[in-house]
Amino acid sequence: MTSVAARIKKQQQDIMGFLTVNKIDFKECDIVTSEENRKWMRENVPEDFRPMTGVPLPPQIFNEEHYCGNYEAFFDAREEHAVYAFLGLTAPPGSKEAEALAGLEQQ
């Protein structure tokens, strides 16, 4: 069994690795060393997405001020080839996501 900290670190690395490989610009906000970042994250996760008890745990994903979701939502979007839509971005031409969108538009 892995610790919560180890699971969070693995999830963060998974997200950052995906973004890096796909050349999607991002900014990592450390909530461990910055009380300001921690407070901002906790205040900006919408009520509907907060745990019943406690506070939202990282990783939480935002596009500027827009809340995208947590790791599970990111993972689901990645499995469905819909990460760009999840992030509120336009899929680049030739990507699986762009091809899927083009196929839907032709129907």
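With which residue does Arg38 form a salt bridge, and how far apart are the closest N and O atoms? In this predicted model, in which local features need pLDDT of at least 70 and side-chain atom pairs count only at pLDDT 80 or more, totals for chains, interfaces and linings use all residues. Residues are numbered from 1 along each chain as its sequence is written, and side-chain values use heavy atoms, with hydrogens and water left out.

The partner of Arg38 is Glu35, with the closest N and O atoms 2.5 Å apart; a salt bridge is here a side-chain nitrogen of Lys or Arg within 4 Å of a carboxyl oxygen of Asp or Glu. Both residues, Arg38 and Glu35, lie in helix α2, 3 residues apart, which is about one turn of the helix; helices (H or I, at least four residues) and strands (E, at least two) are DSSP runs numbered from the N terminus. Helix α2 also holds Lys39 and Glu43, 4 residues apart and again about one turn of the helix, whose side chains meet in a salt bridge at 4.0 Å, N to O. Lys39 is partly exposed, with a relative accessible area of 48%, where buried means under 20%, exposed over 50% and partly exposed in between (1.4 Å probe, protein chains only).

A search of the whole structure finds 4 salt bridges, among them that between the side chains of Asp14 and Arg78 (2.8 Å, N to O). Because Asp14 lies in helix α1 and Arg78 in helix α3, this pair ties together parts that are 64 residues apart in sequence.

Aromatic pairs, defined for rings of Phe, Tyr and Trp (its six-membered ring) with centres within 6.5 Å, count as stacked when the planes are under 30 degrees apart, as edge-to-face when over 60 and otherwise as tilted; the whole structure contains 7 such pairs. One of them, formed by Phe18 and Phe74, is edge-to-face, with 5.6 Å centre to centre and 80° between the planes. The pair links distant parts of the chain, Phe18 in helix α1 (residues 4–21) and Phe74 in helix α3 (residues 71–79), 56 residues apart. Both Phe18 and Phe74 are buried, and together with Tyr71, Phe75 and Phe86 they form one aromatic cluster.

Trp40 and Phe62 likewise form an edge-to-face pair, at 4.7 Å centre to centre and with 65° between the planes. Here helix α2, which holds Trp40, is linked to strand β1, which holds Phe62, across 22 residues. Trp40 counts as partly exposed because its relative accessibility is 31%.
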